[in-house]
Amino acid sequence: MSRKVKILLIRFSSLGDVTQCLSVPSALKQIFPEAEVHWIVREDLAALLENHPAISKVWKFPRSAGFRGLLQLADELKAQGFTHIYDAHNNLRSRIISSRVKTSGVQFLRKSQKRWWRFLLFQWRINKYPQPLSGQRDLVEPLKAWGGSGISPDSPQIFPGADKYANAKSILGSFENAIALAPSAAFPLKRWPVEYWQELVRLLPNEKFVILGGPGEEFLNAISDVAPERVLNLAGRTDLGTSAAVVDLSKVLVSNDTGPLHLAEQRGKNCIALMGPAPFGFPSRPSTKILQRNLSCRPCSKHGQGPCMNADFQLCLRDIKPQEIISALQEKGLV
């Protein structure tokens, strides 16, 4: 009798990468329909995996657990008897886990970081990456070794629970079906200028807006203050599941290169993506309209941390004007 397929997927973080990786369990089930898929993820991001029909079990790793906690978790995982391991992270923690969990006969894959390609790109401006760039494609392509197609499964691939939708509806009130905005990003260089967000609100006087963001992002107040009666600032007021539900209850998301962009993609929602200095978080679905500038200095850094190397500071984003966003919304019939 053949052994039941039991797969361990390793992807600890970050928000955008975990959200994009949500396509992987469904891709695995396309290859192994009866498989059990387990996922180890950082505890604070585990909510993204809830209710996913292709995930059998979520293993949560607390940030505070440290090296000893990592080894203890590895021992627990080893006892599960996995037949396949896919290291979709490829960092020190994932290598420790996979090295301790692997046993004789286990089929193993590891997502390549393509460090040589990165060196060529950032040091010599030689781009060896397949075009167009796609974060999801880079995560599912390694599964070709197990018979996968290398194509991301259709959306949705994130499934907020009924409680998250109820919470979102309660928070939104009359702001359901508004235009959602994601003006934040991990690094300031990836942020479309605040004054452009303000102008976008002014240029669409008949529209309502919802702002998504994290706690302590006071700069978002400058956007909501433009038209407080039409702009609902939810910065710091929603957890991950509720944020995904808010995106789903909005008619479109306008987003920097940041986590909510991938939430929208994995729900199959309309999205306008403002792509600036970083290369590896590119959208993957036709529901997303990508706005960018083809400049010789792009990309300038792995995560968009900079520094900006253009004499015209942040030209890659500052050259995308609010009217261009409105034109993209009009093309989609959304305003």
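Let's start with the salt bridges: a search of the whole structure turns up 16 of them, each being a side-chain nitrogen of Lys or Arg within 4 Å of a carboxyl oxygen of Asp or Glu. Before you click on, know that this is a predicted model, where local features need pLDDT of at least 70, side-chain atom pairs count only at pLDDT 80 or more, and totals for chains, interfaces and linings use all residues. Residues are numbered from 1 along each chain as its sequence is written, and side-chain values use heavy atoms, with hydrogens and water left out.

**Stop 1: salt bridges**

Select Arg-42 and Asp-44. They form a salt bridge whose closest N and O atoms are 2.7 Å apart. Arg-42 is buried, with a relative accessible area of 13%, while Asp-44 is partly exposed at 41%. Here buried means under 20% relative accessible area, exposed over 50%, and partly exposed in between (1.4 Å probe, protein chains only).

Next, pick Asp-319 and Arg-293, another salt bridge with its closest N and O atoms 2.7 Å apart. Asp-319 sits in the loop between α12 (315–318) and α13 (322–331) and Arg-293 in the loop between β11 and α12, so the pair ties together parts that are 26 residues apart in sequence. Asp-319 is partly exposed at 33%, and Arg-293 is buried at 18%.

**Stop 2**

Now select residues 36–42, which make up strand β2; 6 of its 7 residues are buried. Helices (H or I, at least four residues) and strands (E, at least two) are DSSP runs, numbered from the N terminus. Show β1 (residues 6–10) too, and you'll see it pair with β2 in the parallel sense over 5 bridges; two strands count as paired if DSSP finds at least two bridges between them. Lys-6 has Glu-36 in β2 as its bridge partner. Then bring in β3 (residues 57–61), which runs parallel to β2 and is joined to it by 5 bridges. Look for Val-41, standing opposite Lys-60 in β3.

**Stop 3: a six-stranded sheet**

Which order do the strands of the open sheet follow? Trace β8-β7-β6-β9-β10-β11, 6 strands with parallel pairing. β8 (231–233) and β11 (288–291) stand at the edges with a single partner strand each, so one side of each has no neighbour in the sheet. For a closer look, take β9 (residues 252–256) and β10 (residues 271–274), which pair over 4 bridges. Ser-255 stands opposite Ala-273 in β10.

**Stop 4: helices α2 and α11**

Select residues 23–31, helix α2, where 7 of 9 residues are buried. Among those buried residues are Val-24, Leu-28 and Ile-31. The buried residues of α2 pack against several elements, including β1, β2 and α11.

Hop over to α11 (residues 259–267) and pick His-262. Is His-262 buried or exposed? His-262 counts as buried, at 3% relative accessibility. Leaving out residues up to four places away in sequence, His-262 touches Gly-16, Thr-19, Gln-20, Asp-257 and Gly-281, where contact means heavy atoms within 4.5 Å.

**Last stop: out on the helix α5 side chain**

Finish with Trp-116, found in helix α5 (residues 115–124). Trp-116 is exposed, with a relative accessible area of 56%.
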